[in-house]
Amino acid sequence: VEEVLAAAEEQDAEKRRSITVEKELELEFDLGNLLALDRNPPAAAGLRGACPRREALLRALARDNTQLLVARLWELPAERAGGAGGPLVAQLPEPTFRLPREKPPPRPRPPTRWEQFARLKGIHKRKKTSLVWDEQAKEWRRRWGYRRAGGDPARAWLAEEDQFARLRREKRERVARNEFNRLRNLARAHRAGTAVPAEPLHPTGHQSREELGHVARVARVSTASLGRFQPRLPKEPVEPPSRSGGRKRRFDPLLGNLSAERSRQLELLRDMGSKKPVLDITRAVNKQLRQEEAEAAAAKGKKQSKRGKRGRRQQRVGRGKKSG
Amino acid sequence: MRPLTEAETRSVFEKLGRYIGENIQLLVDRPDGTYCFRLHRDRVYYLSEKLLKVAASIPRDNLVSLGTCFGKFTKSQKFRLSVTALDFLAPYAKYKVWVKPGSEQSFLYGNHVLKSGLGRITENTAQYQGVVVYSMADVPLGFGVAAKSTQECRKVDPMAIVVFHQADVGEYVRNEDTLT
C-alpha cells in the first residue's frame, strides 16, 4: 500500500512539476498580442556553440515560457461563445506592445510638373474667398452661382449681338489661337534643333510617303488588340505585324503539316518542269554532226565500194533508230 | 533543324533535277511513307516523318546527322550535292555512263573519266548534263557531268575527258571525317 501511495505521490509531484515553472525575473505579458517577454539571462554556457544539448535547452525554455503564458490566459475572464454548448472564449485585453513596421515607410512622391514649375516661378497657392465684394450692388456676393458678384449673366441678352454666335466665334478664335501657339512652339523647338517630342508628322503637311506609311502602321497597332482586327483598305496588303519589326527571319515550323509541305513541293516541281525549254541546241548540233558523219562516210564509201556500202547501210540504219 | 524555304527548295530540286529529271516527285511523294527534307547546319537531309519526330527531340548542338544527307549549302547559298545522295540518284537516273573496269579505280580516286575508260553512255546525253557513273557490273560508282554529248563522244580522241568527276564512293574513305 505504501508503495502505491508513494508512486501516486510521485506522479502528482511529476504533474505539478510539469505545470509549475520557477523563474528569477517575472515575465512581462501583453495578453492582447498573446505575447510573453522573458528577460531572464539564458544559460550562456549551454547555448553557445553547436553543442548537441542546445536544441534540448531551447526546447525546455520555450516550453516553460509557453506554460506561463497559457497559465495567464486561463486566468482571464472567459465565457461560453454561442450559448451553453459553445467553446470557452477568453476576452483578451487591449494590446499594449507596439509592433514594429512590417514594410518600410512610404517615400515622399516626386513633385509633379506643375509643382516643379510653381516652385521655380515662385507661384504660391492663393486661397480664394467664397464671397467677393460687388461694387455695383455694394454688398458681399458669392463668387459664382445664384446672385453672383458680376451681375446676372442673363442680362447679356439686352446687348444687340447674338450671344450664341458670339460664344461660337469666341470659341473658334480661342481654338485658332491655341493651335497657332502650339505650332509656333513646335517650330521654335524644331528650329532650336532640340528633339521635337513625340510628333511623328511634320506639322505643315509635307509628309513623305515613308513617313505616312510609318505613321499609318503605328496608328494601326495602337489599338487594344494591337492592330489584329482592324479593317483594311481594299488594296492594302495583308501582312501580320512582325513583333521584332522585321529584324528576325521566320521559318516554317519543324513538324508542321507535312502533307501540305509535300503538296507545295509537288506544285513547285510542276512549275519548274513546265518552264524547262526543250534542248533545241543539242538536237540541232547532233543533227549537224550526223550530217557530217554521213558525208564523211559517203566520201569513204566511194573509195572502197563494197565495204563502204555495207558500212553506209549499217550507219544509216543505226542513225534511223537514234533519230526516233 | 528547320524545313527548307521556298528558294532553298527550288535550288535543291534544280540540282537534283539535273540528274534525275522529273523523277524527283517519286522522292517527294512516296507510297511507303511521308519523307521530307530538313536543313540542319547548312546541310540538307532526307528523312522519313517517323525519324523526323524522333530527331526533333534532340538538342541542336548535339545533333550530328539525321536520315540521309543529300548535300549542303555553301556560304553563298549554292547547293552542292554530295556522294551520300547516290543511293537515291542511282535508281532514278536518266542519263548513265558505264566505265570500263580498268579506269574504275581512277574514277574512284577522284579523276575524271577519259574517252579510253568509257564503256557505254546513254543516248541523247547533252553536253554538261548530269550523269550517274556505273561500273560495267551496274554498280553505281558516283556521279558527274558529261563533258561531251553522246555524238561528240564518238568522235573525240581517247585522252579527252568525257565525264567530269563530281562525287564518287571512294570519298567515303578519303573524306571520312567531313562526310556527315
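Between chain A and chain B there are 3 salt bridges. A salt bridge here is a side-chain nitrogen of Lys or Arg within 4 Å of a carboxyl oxygen of Asp or Glu. The model is predicted: local features need pLDDT of at least 70, side-chain atom pairs count only at pLDDT 80 or more, and totals for chains, interfaces and linings use all residues. Residues are numbered from 1 along each chain as its sequence is written, chains are lettered from A and ligands numbered from 1 in the order in which they are written, and side-chain values use heavy atoms, with hydrogens and water left out.

A:E261 and B:R38 are joined by a salt bridge between their side chains, at 2.9 Å from N to O. The size of an interface is often given as the accessible area lost when the parts come together. Between chain A and chain B, about 2,500 Å² is buried. Carbon and sulfur atoms give 65% of this area. Buried area is the accessible area (1.4 Å probe) that two parts lose on being put together, summed over both. Chain A brings 23 residues to the contact and chain B brings 31 residues. Contact means heavy atoms within 4.5 Å.

Chain A contains 9 helices and 6 strands. These are DSSP runs, numbered from the N terminus: helices are H or I with at least four residues, strands are E with at least two. Of the 324 residues in chain A, 10% are buried. Buried means under 20% relative accessible area, exposed means over 50%, and partly exposed lies in between (1.4 Å probe, protein chains only). The accessible surface of chain A is about 29,200 Å², and 56% of it belongs to carbon and sulfur atoms. Areas of this kind come from the Shrake-Rupley method with a 1.4 Å probe; for residues, only the protein chains shown count as cover. Among contacts in chain A between residues at least 6 apart in sequence, 31% join residues at least 24 apart.

On the surface, A:V70, A:W74 and A:L88 form a nonpolar patch with about 330 Å² of accessible area together. Patch residues have over 30% relative accessible area and no salt bridge; like charges are joined within 9 Å, nonpolar side chains (Val, Leu, Ile, Met, Phe, Trp, Tyr) within 5 Å. A:L88 belongs to strand β4 (residues 88–90) of chain A. Its relative accessible area is 45%, so A:L88 is partly exposed.

Over all chains, the structure holds 22 salt bridges. In chain A, A:E55 pairs with A:R59, with 3.6 Å between the closest N and O atoms. Both lie in helix α3 (residues 53–75), 4 residues apart, about one turn of the helix. A:E55 is exposed at 51%, and A:R59 is exposed at 58%. A:D134, A:E139 and A:R141 are linked in a network of salt bridges.

In chain B, B:K94 forms a salt bridge with B:E22, the closest N and O atoms being 3.4 Å apart. B:K94 lies in the loop between α4 (86–89) and β5 (96–99), and B:E22 in the loop between α1 (6–20) and α2 (24–28), so the pair ties together parts 72 residues apart in sequence. B:R154 and B:E123 also form a salt bridge (2.9 Å, N to O). This pair links distant parts of the chain, 31 residues apart: B:R154 is in helix α6 (residues 150–155), and B:E123 is in the loop between β7 (118–121) and β8 (130–135).
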